[in-house]
Amino acid sequence: MDGLAERQLAAIREVVELTAGAGIAVWLRGGWAMDFHLGAVSRPHVDVDWYCWRRDAGRLAARLGGQGWRPDPRMPVEKQLDLLRGDVELSFAYLDQDPAGRVVVGAGPWAGTPLPEGMLDAPPGRIGPHTAPVISVAAQIEFKEMYPVWMPDRPRRPKDAADLARLRAGRPTG
């Protein structure tokens, strides 16, 4: 594991501990969610992607701000919470619930769109001694498969194809 991956893993541990103590629910998504499901770091990651409830974003930002995390000026906080500390980036996409209680996209152009059923019901993932809440494998696969369909201007990247193979195989290496 390289230095950035070690710092990202330390940031994941920090977020998990801070949010647990504050009663703020978060879930890893993206590449780190896959790695925590598989139990090993499978590739380099640019950032650490999370989900949080939109209603908790202000408290989350304040708590992380107290630990030296600063807002990323490139992303409007109305769409998602992006924070930086040194070379580590955290990105919290917002969740909400519709009147029927379904989990939906919490902000941005797709606000209100239902997310995969059971997405937040996965058991925690683990890498060595580290555990973290993660979105379900089924949701991870659906997102990786559907991004090019939902956003045709963003074709599937080679890392997404490799991630799909890893998730389907249930092991860190393709």
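This is a predicted model: local features need pLDDT of at least 70, side-chain atom pairs count only at pLDDT 80 or more; totals for chains, interfaces and linings use all residues.
## Strand pairing: β4 with its neighbours

Two strands count as paired when DSSP finds at least two bridges between them. Strands β4 and β5 are joined by six bridges and run antiparallel. Within this pair, leucine 81 stands opposite phenylalanine 92 of β5. The two strands form a hairpin, with two residues between them. Glycine 86 sits in that turn and has a positive phi of about 60°.

Strand β4 covers residues 80–85 and also pairs with strand β3, residues 70–71. That pairing is antiparallel too, over two bridges. Arginine 70 has leucine 84 in β4 as its bridge partner.

Strand β2 spans residues 48–53 and runs antiparallel to β1. Four bridges join the two. Valine 26 faces cysteine 52 of β2.

Helix α2 runs over residues 30–38. How much of α2 is covered? Most of the helix: seven of its nine residues are buried. These are Gly31, Trp32, Ala33, Met34, Asp35, Phe36 and Leu38. Just after the helix, glycine 39 takes a positive phi of about 90°.

Two packed helices are described by the angle between their axes and the distance between the axes. The axes of α2 and α5, residues 158–169, come within 10 Å. They cross at roughly 25°. Angles under 35 degrees count as roughly parallel, so α2 and α5 are roughly parallel to each other. The crossing is left-handed. On the α2 side, the contact is made by Met34, His37 and Leu38. On the α5 side, Asp163, Arg166 and Leu167 take part.

## Helices α1 and α3

Helix α1 covers residues 3–22, and helix α3 covers residues 57–65. Their axes come within 11 Å and cross at roughly 125°. That angle makes α1 oblique to α3. The crossing is right-handed.

Which residues of α1 meet α3? Val15, Leu18, Thr19 and Ala22 do. Their counterparts in α3 are Arg59, Leu60, Arg63 and Leu64. An α-helix has 3.6 residues a turn, so residues three or four places apart point the same way.

## Two single residues

Aspartate 98 lies in the loop between β5 (88–97) and β6 (103–105). Is aspartate 98 buried or exposed? The cut-off for buried is under 20% relative accessible area. Aspartate 98 has 14% relative accessibility, so it counts as buried. Its side chain reaches the backbone nitrogen of alanine 100 at 3.0 Å.

Alanine 165 is found in helix α5. Its relative accessibility is 40%, so alanine 165 counts as partly exposed. Proline 123 is 42 residues apart from alanine 165 along the chain. The C-alpha atoms of these two residues are separated by 21 Å.

Notes: Residues are numbered from 1 along each chain as its sequence is written. Side-chain values use heavy atoms; hydrogens and water are left out. Buried means under 20% relative accessible area, exposed over 50%, partly exposed in between (1.4 Å probe, protein chains only). A polar contact is a pair of N or O atoms within 3.5 Å; within protein, one must be able to donate a hydrogen and the other to accept it, and residues adjacent in sequence count only if both atoms are side-chain atoms. Axes are lines fitted to C-alpha atoms, for helices over the stretch in contact, and angles run from 0 to 180 degrees between N-to-C directions. Angles under 35 degrees count as roughly parallel, over 145 as roughly antiparallel, 65 to 115 as roughly perpendicular and the rest as oblique. A crossing is left-handed if the near helix is turned anticlockwise from the far one by less than a right angle, and right-handed if clockwise. Contact means heavy atoms within 4.5 Å.
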